[in-house]
Amino acid sequence: MLFVDNRGNTHAPLNLALEEYVFRNKPVDDDLLLFYINAPSIIIGRNQNTIEEINPGIVAERGIEVVRRISGGGAVYHDLGNLNFSFISPYVQERFNRYDHFTKPVIAVLKKLGVPAELNGRNDIIAGGRKISGNAQFAAAQRMISHGTLLFDSNLDDVTAALNPKPGKVESKGVKSVRSRVANISEFVTAAITVEELRELIIEEIFGTRDRTKVPTLELTEADWLAVHEHMAKKHGNPAWNYGENPACSVQRAKRFPIGEIDARIQVDQGTIGAIRIFGDFMGRQDVAELEQRLTGIPYDRAAVVSALAGLQVSDYFGDVPADEFLELIAP
């Protein structure tokens, strides 16, 4: 495994651009480890409708950056009390949509600090029944990313105020607010450590040393960093990517599955699907835009939808969702 140094950057668009650049442009046979700490920001899942996940007034008032990542899952809040880790590795099918392999060293460090950490549900690390880490994955060609957050000493009031969960999501999980579901790791740690020291402990757990001269490192050139900045300008720093464009819809069909919510917005003109967007916090391997393209321009009826999706594996786009249940959602 090689360590990737982000040079202490705390600008969320830059860190997400760095992560994607390394993922897409560095040797496919290497395991890579990247850490970053972001200034206050909301990181939106690839398939989410941004305007329905945030409180825009709070975001503007408090200067919180909104950035979309390339992986699925739900929106998360980052600030200087939040440590983010990213494992980039060759794609292994058995590890996709599973998190035990990648979170093992993180949980080991937390337990050494006295935190009763455990992997829970599909992608969370919890302590004392509350979430301290959310994780997501993305795969393309021969590579995959498994990345997560560690709420160490975050401003939980901002978490509550800035994120605006859909009522359906809140009700389905039986909770009253974001604040009631999350906790800071610092609440469980008796030793006086910082979020940066937590990062060093994880590095030591993985590499056997904190001495950076002895940690195998992927050296990024100035040309690499220039490319990262260019990528940031085109994508993660671009409102068109971070907020997206949402078609007016005449049909909305939404359902929460064990893998997450699927929310289809369909514009139907004279019996034909003129536009369709599929939102949600699901995590699939393939880009859902491919599926949307197949459905655009066809008659809005069950037979046409079945024909358009023939040969596709629904699970590639959404995870473990039975094809018949997806069809029932889209075209009942």
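In which sense do strand E6 and strand E10 pair, and over how many bridges? Strand E6 (residues 82–90) and strand E10 (residues 143–151) pair in the antiparallel sense over 9 bridges. The model is predicted: local features need pLDDT of at least 70, side-chain atom pairs count only at pLDDT 80 or more, and totals for chains, interfaces and linings use all residues. Residues are numbered from 1 along each chain as its sequence is written, and side-chain values use heavy atoms, with hydrogens and water left out.

**View 1. The open sheet of 7 strands.** The strand order is E1-E2-E6-E10-E9-E8-E7, with mixed pairing; two strands pair if DSSP finds at least two bridges between them. Strand E1 (2–4) and strand E7 (117–120) are the edge strands, each pairing on one side only. From one strand to the next, the twist averages 20 degrees.

**View 2. Helix H1 on the sheet.** Helix H1 (residues 12–25) touches E1, strand E2 (32–36), E6, strand E9 (130–140) and E10. Contact means heavy atoms within 4.5 Å. The direction of H1 makes about 175 degrees with that of E2; angles run from 0 to 180 degrees between N-to-C directions. Helices (H or I, at least four residues) and strands (E, at least two) are DSSP runs, numbered from the N terminus.

**View 3. Asp-158 in helix H4.** Helix H4 spans residues 156–162. Asp-158 counts as buried because its relative accessibility is 11%, where buried means under 20% relative accessible area (1.4 Å probe, protein chains only). Not counting residues up to four places away in sequence, Asp-158 touches Arg-62, Tyr-77 and Leu-163.

How values were computed:
Buried means under 20% relative accessible area, exposed over 50%, partly exposed in between (1.4 Å probe, protein chains only).
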